[in-house]
Amino acid sequence: MCFCCCHLLYASDRPRVKRLCAIAARACRCDRRERRTPATARKGCVQLVKRFHLLAGCALFLLTGGIAHAQDLNARPVPPPAPVDAAPTPSPAGEDQVQFSAGTLDYDLDADVVVATGDVRMQREGDRLRADKVEWNRKTGKVVATGNIAVTNPGGDTAYGDSIELTDSLKDGVVDNMLIVLERGGRIAAKRGTRGQDEVVTLESAAYTPCSVQTSEGCPKEPSWKITAVRVIYRPDRERIYYKGAKIHLFGLPVVPLPNFSNSIGDRSESGFLTPDLRYNNGIEMSVPYYFKLADNRGLIITPRVFTGVLPMLQGEYRQLDTKGALRVTGYGTYGTRSDTALAGTVGDTERAFRGYLDAVGRYQFSPEWSLSSSVRLTTDRTFLRRYDISRDDRLRTTAKLEHIDANSYLAVTGWYVQTLRVNDRQGMQPIALPEIDYRRRFNDAPLGGVLQVQLNTLALTRPAGQDTQRAFAAAQWDLRKLTRWGQEVTFTAYARGDLYNTNDILSTANPAYRGTEGFQGRAIGALAVDVKWPFIGTFLGGTQRFTPRVQLVASPHVRNLDLPNEDARAIDLEDSNLFSLNRFAGYDRWEDSSRITYGANWAVTLPGLSFDSTVGQSYRLTERDQIFPDGTGLSDRFSDIVGRSELRFRDFVSLVHRFRLDKDSLAVRRNEVDATVGSRSTYVLVGYLRLNRDIASSEDLQDREEVRLGGRAQVTRFWSVYGSAIVDLTDRAEDPLSLSDGFSPVRHRVGVAYEDDCLRLGLAWRRDYATTGDATRRSAYLFTLAFKNLGR
């Protein structure tokens, strides 16, 4: 039906047909982007019929859904009634007066009937009514309203209808063709609704949706999902809707029957079922979570997970939020076969046993200065998380930290436990820290000016089957920053530290460079440094540029390094982030005891919508003292390798970051890393490439590697998108003799399609893992996502 067809039927006496024709006419005009007249209607009618066959006409759902189901979820043309501006008339004690205003007012003295017409407004005890005409029988208390009707309750919910019969309390009555627009979002429509004195509304042949019922151009549209029911009861006092004989409709089609169902529309949570989850992993996996409300700030979710390939698994999640902090505890448990002793890529003997995983995290803020945070991650075996597609981590860390932070001091007491999931690692060699204590205090009024920072640190590491280490040190660092009259920024630094170590069972550590000497050992560290920056700023291509040469001179005497164990400074790599550091070792156990000069420059350009920033630098050791840096780290010779970083940004569309390290002699690329992002938030491409060609054979932490990471998302339509990601190992045996890769080995990939609008998220994804670890074999996993937004809280 289009405007011309509707025009022929508009003379009908049926108000339902009249109203549908008027709305259809407006929809046709919206679809054609112009106002039609009867003279041009027939031509547009032919074009619109074609659109109906393509399910794209604005008024289609009005004719198929509106007439067939008698549920009109569209907005009504009348605005909700506002409170009456006039001050209330004083009334006798215990009696509430009805306040009203109207264009004209007729009063039948004999029948005691008031007839108000012309934008009638009535108000009583917070309930408000607006209509074109109201007949009020003061003898019976019956109020009949017609024409552009809207009734608003004290909670802000507005009901619309073709005709409304109410009592003079404006609270109870019967409404034909009812539409309720909820204050908290969503709407309920029905053929007929009854409203009681307690504000409870009972509706017959009703539909509810929280979704938008209009397009961005203002045309009516079918909501993404809605719930239809034979009977609906809306309880504003409970902020809940109850259904009898209900079905969920997805894109207009009934997909899920719900004979007895209810959902919350407020902020309060209630016990009940949550959105199910369907995926293909260990066969077909189906999970249906159930939420138990324990209190307003506490809840428990129990999720049975059923598989066609393995035994079921039970998942529980407890959440708590109070004024001091929050706590979340998640646990998984099942009974099945496991194999966690196999080498990578093989499957060993299996056994049937309990398998599970515990994941808990919490943080509490006791005062502005004191806080406690903790995290627990434990599993029964090394392949459980991969087998059930919970996590890809190869190590789990359990930690707890007590912190005190104020304006000038910091105190942290930390402990942690590490569980390895690598099949070739020994659990007894993993460190347990009980505890690490770190205290720092800053003095802004230090002697000679500047800032003085004092640090006290102690650490105790225990290994059940390995080396034990205890460490304590005290350190002080003084920094003074000055600006010369020529514009140079000069920073003077003095650093001093005293260390005390005790270590046992050193022979259990395979690498001699990490052992140290058995028993108690001490060490004194000192360094002086001067850092000079000289920025030059000027115009460039309509923008600005800044060129900043930088020189740093560091003097440090020889200290004992190999006599002490190395627990936290094993990963060594020269890059732009640590080029100008006092100590280019990570951690505290190793100290770069050399006098050196480091030089480099930074060039930054800022143009309208475009920015470029680049840094390059190198260092030269002034002494010929032997160093403990392994060959290939870029720091083993007197001249270091050349390192740099460049970043290019074009508006919010292009981001390109490149990090590199060049061999000082041959200029061979030892590190080449690129991270690029091109596109908008909705459509983009991510590319990451890393190649490490350092030839380091003396450290197991610094193996050569080459890999590429790809990802992207394309917004096909306003709500539909496709996405994908992949990681490919490009390492071959020429780069790493221990690598099993042939130079092109996919690690894992994921592709999917997704739909998301204001109230629905729908998607299908395929992920494949190419690695086999124990009973977590290489396999594909499929995930179907269907989430109804705003369905409960």
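Predicted model: local features only at pLDDT ≥ 70, side-chain atom pairs only at ≥ 80, totals over all residues.
The fold contains 41 strands and five helices. Among contacts with a separation of 6 or more, 49% are made by residues 24 or more positions apart.

Let me begin with the disulfide. How many does the structure hold? The structure holds one, and this disulfide joins Cys 211 to Cys 759, with an S to S distance of 1.8 Å. The link of Cys 211 and Cys 759 is right-handed, with 105° about the S-S bond. Are these cysteines buried or exposed? Cys 211 and Cys 759 are both buried.

I turn now to the cavities. The count comes to five cavities of 30 Å³ or more. The largest cavity has a volume of about 120 Å³. Its lining comprises 15 residues, and those closest to the centre are Asp 389, Arg 392, Arg 767, Asp 769 and Arg 779. Which strands each supply at least two residues of this lining? They are strand 40, residues 760-769, and strand 41, residues 779-788. By class, the lining of the largest cavity has eight charged, four polar and three nonpolar residues.

The second largest cavity has a volume of about 80 Å³. The residues lining the second largest cavity include Val 151, Asn 153, Asp 157 and Thr 158, together with Met 178, Ile 180, Arg 195 and Glu 199. Tyr 234 and Pro 236 are also among the lining residues of this cavity. Strand 6, residues 158-167, and strand 7, residues 173-181, each supply at least two residues of the lining. Here the lining divides into seven nonpolar, three charged and two polar residues.

Ser 371 is found in strand 21, which covers residues 370-379. Is Ser 371 buried or exposed? Ser 371 has a relative accessible area of 3%, and therefore counts as buried, the limit being under 20%. Leaving aside residues up to four places away in sequence, Ser 371 touches Arg 363, Tyr 364, Gln 365 and Phe 366, and also Lys 401, Leu 402 and Glu 403.

Thr 303 lies in strand 17, residues 298-307. With a relative accessible area of 5%, Thr 303 is buried. Again not counting residues up to four places away in sequence, the contacts of Thr 303 are Ser 287, Val 288 and Pro 289, along with Met 313, Leu 314 and Gln 315.

Ser 271 is found in the loop between strand 12, residues 253-264, and strand 13, residues 272-273. Beyond four places in sequence, Ser 271 touches Arg 240, Tyr 290, Tyr 291, Phe 292 and Lys 293. Which backbone atom lies 2.9 Å from a polar atom of the side chain of Ser 271? That atom is the backbone nitrogen of Lys 293.

Gly 449 is placed in the loop between strand 24, residues 432-443, and strand 25, residues 451-462. Gly 449 is partly exposed, with a relative accessible area of 29%. Not counting residues up to four places away in sequence, Gly 449 touches Trp 478 and Leu 480. Gly 449 and Leu 480 are 31 residues apart in sequence, and the C-alpha to C-alpha distance is 6.7 Å.

How values were computed: Residues numbered from 1 in each chain as written. Heavy atoms only, no water. Helix = DSSP H or I, 4+ residues; strand = E, 2+ residues; numbered from the N terminus. Buried < 20%, exposed > 50% of the residue type's maximum accessible area, 1.4 Å probe, protein only. Contact = heavy atoms within 4.5 Å. 1 Å grid on protein atoms, 1.4 Å probe; cavity = no way out; pocket = protein on both sides within 12 Å on 5 of 7 lines; lining within 4 Å. Points joined across faces, edges and corners; volume = space filled by probe spheres on them. Nonpolar A, V, L, I, M, F, W, Y, C, P; charged D, E, K, R; others polar. Disulfide = S-S within 2.5 Å. Polar contact = N/O pair within 3.5 Å; in protein donor to acceptor, adjacent residues only side chain to side chain.
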